Amino acid sequence: MENRRQEQRLNQDGQNRTIDYLRISVTDRCNLRCRYCMPYDLELKPHDAILRSEEILRTVRAAADFGVRHLKVTGGEPLVRRGCTDLVHRLKETGGIETVTLTTNGVLLPTFLEELKGAGVDGINISLDTLDRDAYTNITGFDRLGDVLKAIDLSVASGIRTKINVTVTQQTPPRDIVRLVELAKDRPLDVRFIELMPIGFGADLCSLDNELIRARIRLKYPGLAPAGRSAKRRGYGPAQYWIIPGFQGQIGFISAIHEPFCAQCNRLRLTSSGFLKYCLCYEDGIDLRQILRCGLPEQEERRALFGSFVQAARKKPERHSFSEQERITEKTPMSGIGG
Ligand code: SAM
Ligand code: SF4
C-alpha cells in the first residue's frame, strides 16, 4: 500500500498529471515516404545507435517501476525492424505493463499479424489518410493501398482491437473524409482524425481543424454526436470519441492544436536511439542510451533509469507551443520520434 502511494507520487508530474504511458520508437526506418513525415530518403541513424531489444526491455522495466503501465510501439515503421513481434511479446511479459499496442502503416501487417496476435498485442493502429489509390500513392510514395486495406480486414477479423489513424491536411478531399468514416459503419473499428502538427515536414503543410472535419461528416451523417463520458474507454490516449447512429465503430478526434489536451497529457516518448522526450514540441529530454551503455551493474542501472523517468516527469512542460512557430525547438522529423 505504502509502495503504491509512493509510486503514485513519483509518476505524477508538476501539473498533477499521472504519467503512465510510454511511446517507444523502435526504428527510424520506414518502407513509405509520407510527405508530412519522411518525404524522401533521410539520413538514418547508424544501426549501433539504435537501442537493442535488451536495452529497450531494461528501460521498460525501470519505466514500469516508475509507474508506466501502457506502451505504444511505433517508429518509423515498427514492422521493418527485425524481431519486432518478439519484442512486443517480451514487452507484454514485463511486470507492471498492462497493455502493449502498435502503430503501423499496415503494409507489412498481413505478414506479421498472426505473430502479433500470438505475442498478445492489445491493439493495432493502422495509419491511412485516403481511400483513393492515386492519392494514397501521392501521399506515401508507394502504390500499397491494397495491402493496407487487406491488413485492416485481417486485423478486424483477428479480433485485435483495430483503429484507423487519419492524418488530415487541407488538401484532403472532403469526399475522402466521409469514405474513411464509413470504414467504421460495418466494422468494429474506430476511425480517428489526427490534426497535423507543425513538427518536421508537417510544418510545411496546413492542418485542418477537426471541427471542420466534423462539419463535413455531419453533411452526410447529421446524427454525429459526442460519445459522452459514460462511453466505454477506448484507449489511453487523448482522442475524443463521437458516435454515428447505426455505426459499429466510433469516430475519434485528436486535435493537438485546435483542442489542446496538454492538461491531460499522460505520456513520455523514447526515440529509437534511446532519448527520453518530455513533449513532442521541444527537443529537451534525457539520453538513456548513455546510461544503458556505460557498464553499470544491473540494479544500479535500473535505479539510474528509474531516476531518469522521475526527472522526466518533473521536467515535462505544462503545454506545447504549436501555435507559436518560434517556440517549437524540436527539429527531428516525426519518423525519428514516433508520432
Ligand atoms: N509508421 C507508422 C505509422 O505510420 O503509423 C508509425 C510511425 S508514424 C510517425 C505515427 C503517426 O504519426 C502516423 O499516424 C502519422 O500519420 C503521424 N504523423 C506523422 N507526422 C505527423 C505530423 N506532423 N503531425 C501529426 N501526425 C503525424
Ligand atoms: Fe513512415 Fe509512418 Fe512516417 Fe509514413 S507516417 S513515413 S509510414 S513513419
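Begin by selecting Ser 53, Glu 54, Ile 56, Leu 57 and Val 60 in helix H2, which meet Leu 87, Arg 90 and Leu 91 in helix H3 (contact: heavy atoms within 4.5 Å; helices: DSSP runs of H or I, at least four residues, numbered from the N terminus). By class, this contact has five nonpolar, one polar and two charged residues (Ala, Val, Leu, Ile, Met, Phe, Trp, Tyr, Cys and Pro count as nonpolar, Asp, Glu, Lys and Arg as charged, the others, Gly among them, as polar). The model is predicted: local features need pLDDT of at least 70 and side-chain atom pairs pLDDT 80 or more, while totals for chains, interfaces and linings use all residues. Residues are numbered from 1 along each chain as its sequence is written, and side-chain values use heavy atoms, without hydrogens and water.

Next, display H2 (residues 53-66) and H3 (residues 84-92) whole: their axes come within 10 Å and cross at roughly 25° (axes are lines fitted to C-alpha atoms over the stretch in contact, with angles from 0 to 180 degrees between N-to-C directions). The two helices are therefore roughly parallel (angles under 35 degrees).

Then select Arg 35, Tyr 36, Asp 129, Ile 139, Thr 167, Thr 169 and Thr 172, which line the largest cavity (on a 1 Å grid over the protein atoms alone, a set of points where a 1.4 Å probe fits but cannot get out; lining residues have an atom within 4 Å of a point). About 50 Å³ of space lies in this cavity, and its lining divides into two nonpolar, three polar and two charged residues (volume: the space filled by probe spheres set on the points).

Definitions and conventions:
Chains lettered and ligands numbered in written order. Parallel < 35°, antiparallel > 145°, perpendicular 65-115°, else oblique. 1 Å grid on protein atoms, 1.4 Å probe; cavity = no way out; pocket = protein on both sides within 12 Å on 5 of 7 lines; lining within 4 Å.
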